[in-house]
Amino acid sequence: MQAAGASPSVPFCRASRRPSARLAARTAAAVLALAVAAAGCTGSDGGSGADTPSGAADAPGGAPARFYGQTIDWRDCGDDGARCGTFEVPLDYAEPGGERLEIAVRRIPATGSDPIGSLVVNPGGPGGSGFEYADSAARTVGEAVRERFDIVGFDPRGVDRSSPIACLDRSEMDDFIAVDFTGPGGGSDPADVGETGLRELARLNRGFVEGCREDSGDLMMHMGTDEVARDVDVLRSALGDDELTFLGKSYGTYIGAHYADRFPDRVRALVLDGALHPSADIVELGMRQAEGAEVALRSFVEACLEVADCPLGGPGDDVESATERLAGLLERAGREPLRSDLDDGRPANRSWLELGIHSALYSESSWPRLSTALDEAFDGDGTRLLRMAGDLYNRGDTAEYTNYTSALVAVNCSDRQSPRDIGAFEEAAERADKTAPLFGAPLTWGGLTCAYWPEEAVAEPEPLDAPGAPPILVVGTTRDSATPYAWARTMAGELESGVLLTREGDGHTAYGRGSDCVDSAVDTYLLRVEPPEKGTVCP
């Protein structure tokens, strides 16, 4: 889940980038966190409509009834009749009378006069803004779906507009995302970091956790996906829907699976596109994601070699030699960073270049840009790859990060078990380097932050089988660069009512990516709750 050095988990799906000045400095982030707490979180005596148990009849057994049946105060907020508002959830569902969080939500009304209800969407991440994604989803879902559903996106707890978690300032985040092992005593190879590299990895990852603790307090203890799923049910109630219709991409599939497992009788239709492995620990997740990235890289290289101006070779060259040429470029950058025209202070070192390459593998539409960037890199200019790496973590050339990376790491570490010994990561990185030579070691190191995450904040592994839920559609792409196809098979198999739809192809996720077969199957399922036949494969 990480593509370079000590960088955080590589996102399972990239969120749309919206540069923010929230994290301009550690002190400013701390002040902001306090302001958010004052504005959006109240104690049990606060004057909120959520105290009125008007939705008690809609609350599932064991859920805090005071949060159900909320009325969202919608306001105009954009084109297509978009309306925005907030609703409240408890910080800790075990203490519903305690602090509250405000969750930001955006709704784009159905285009037809006879809507079925709401289609709640999430773009992944973790850390992606569903609030922003609602606009994109409204443009990419099928016309018939758009006619019958309001498109609703929300920022999950701790993300962007919803009581955002903060952990590091910009310069600290740069160091954390792309640690440079080339300093005195260090090495350029993430599979063999040496004692200096181990100490630097430990320092950076401990520092991230301490930054979260200092700037965000109790919020970091309640960032897990199970609590997000409970927030989704509060949202369902506030929208006035008896059952949930949901489209989750990438990490969003994990939200949907948790929802189905906790509220199987509240499911109408769930599309889980680009599924996460439902139960792998943080090390296994990184190693397997690396293998998926290598499959996607091979597909890019094969396509590149078919054209005469491929920077990795030309027609007649083999994939192995072309990949070795790419590895040589990275080794060169590991010894001495390439030049860069950016003025944001980032060196074009091996770690940032790896991130730029991985970023482009999320979509075939980015392959021409990657070819151009690699051509420039072989000439010694890493500027374009640096920009592509910044896209992966919502960082502009000179802009601050959004809080995307802080939320990404916090959620992953809250959801997944992790070894507590750095030696376990070192051993795993060595193994991963053999099965995935380009991405294996750095992606495996990506989970190291979780070795220092508070153990009491980490979920215990439980099966996500959702007994009693209606059919749930799981979609997998065979050469997905971020969520390997095997994960979709696993999730569909673990869900009692899971139905797997396969897309033969490249890129991350399948729905809305040009396959009429996939789009038709998903649209039919969303509209009529009729899944395709099990084993359906779309070219």
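Which residues form a negative surface patch? Select Asp189, Asp192, Glu331 and Glu430, and you have the four that make it up. Before you go on, know that this is a predicted model, in which local features need pLDDT of at least 70, side-chain atom pairs count only at pLDDT 80 or more, and totals for chains, interfaces and linings use all residues. Residues are numbered from 1 along each chain as its sequence is written, and side-chain values use heavy atoms, with hydrogens and water left out.

**Stop 1: the negative patch**

Keep those four residues selected. A patch takes in residues with over 30% relative accessible area and no salt bridge, joining like charges within 9 Å, or nonpolar side chains (Val, Leu, Ile, Met, Phe, Trp, Tyr) within 5 Å. The areas come from the Shrake-Rupley method with a 1.4 Å probe, and for residues only the protein chains shown count as cover. A salt bridge here is a side-chain nitrogen of Lys or Arg within 4 Å of a carboxyl oxygen of Asp or Glu. Asp and Glu count as negative, Lys and Arg as positive, while His and the chain ends are not counted. Each charge is placed at NZ of Lys, CZ of Arg, CG of Asp or CD of Glu.

Now zoom in on Asp189. You'll find it in the loop between α4 (170-177) and α5 (194-216). Helices (H or I, at least four residues) and strands (E, at least two) are DSSP runs, numbered from the N terminus.

**Stop 2: along helix α5**

Follow the chain into α5 and pick Phe208, which sits in this helix. Phe208 counts as buried because its relative accessibility is 0%.

Draw a C-alpha to C-alpha distance from Cys212 to Cys167 and you get 4.1 Å, although 45 residues separate the two in sequence.

**Stop 3: the disulfides**

Time to show the cysteines. How many disulfides are there? The count comes to five, taking a disulfide as a pair of cysteine sulfur atoms within 2.5 Å. If you number the bonded cysteines along the chain, the pattern is 1-2, 3-4, 5-6, 7-8, 9-10.

Start with Cys304 and Cys310, whose sulfur atoms are 2.0 Å apart. The torsion about their S-S bond is about 110°, so this disulfide is right-handed. Both Cys304 and Cys310 are buried.

Move on to Cys413 and Cys450, with sulfur atoms 2.1 Å apart. This link is left-handed, with -85° about the S-S bond. The pair ties together distant parts of the chain, 37 residues apart: Cys413 is in helix α13 (residues 404-415), and Cys450 is in the loop between α15 (440-445) and β8 (472-479). Both of these cysteines are buried too.

Then select Cys517 and Cys538, whose sulfur atoms are 1.9 Å apart. The link of Cys517 and Cys538 is left-handed, with -60° about the S-S bond. It joins distant parts of the chain, 21 residues apart, from Cys517 in helix α17 (residues 516-528) to Cys538 in strand β10 (residues 537-538). Cys517 counts as partly exposed at 30% relative accessibility, whereas Cys538 counts as buried at 0%.

**Stop 4**

Go to helix α7 (residues 252-262). Nine of its eleven residues are buried, so this helix is largely enclosed by the rest of the structure. Among the buried ones are Tyr254, His258 and Tyr259.

Now step back to Ser250, in the loop between β6 (244-249) and α7. Its phi is near 60°, a positive value in a residue other than glycine. Ser250 is buried, with a relative accessible area of 0%.

**Stop 5: two backbone details**

Val529 has a positive phi as well, near 55°, and is not a glycine. Look for Val529 in the loop between α17 and β10, where it is partly exposed, with a relative accessible area of 25%.

Last, select Gly125 and Pro126. What kind of peptide bond joins Gly125 and Pro126? The bond is cis, with omega about -5°. Pro126 lies in the loop between β4 (117-122) and α2 (130-140).

Definitions and conventions:
Buried < 20%, exposed > 50% of the residue type's maximum accessible area, 1.4 Å probe, protein only.
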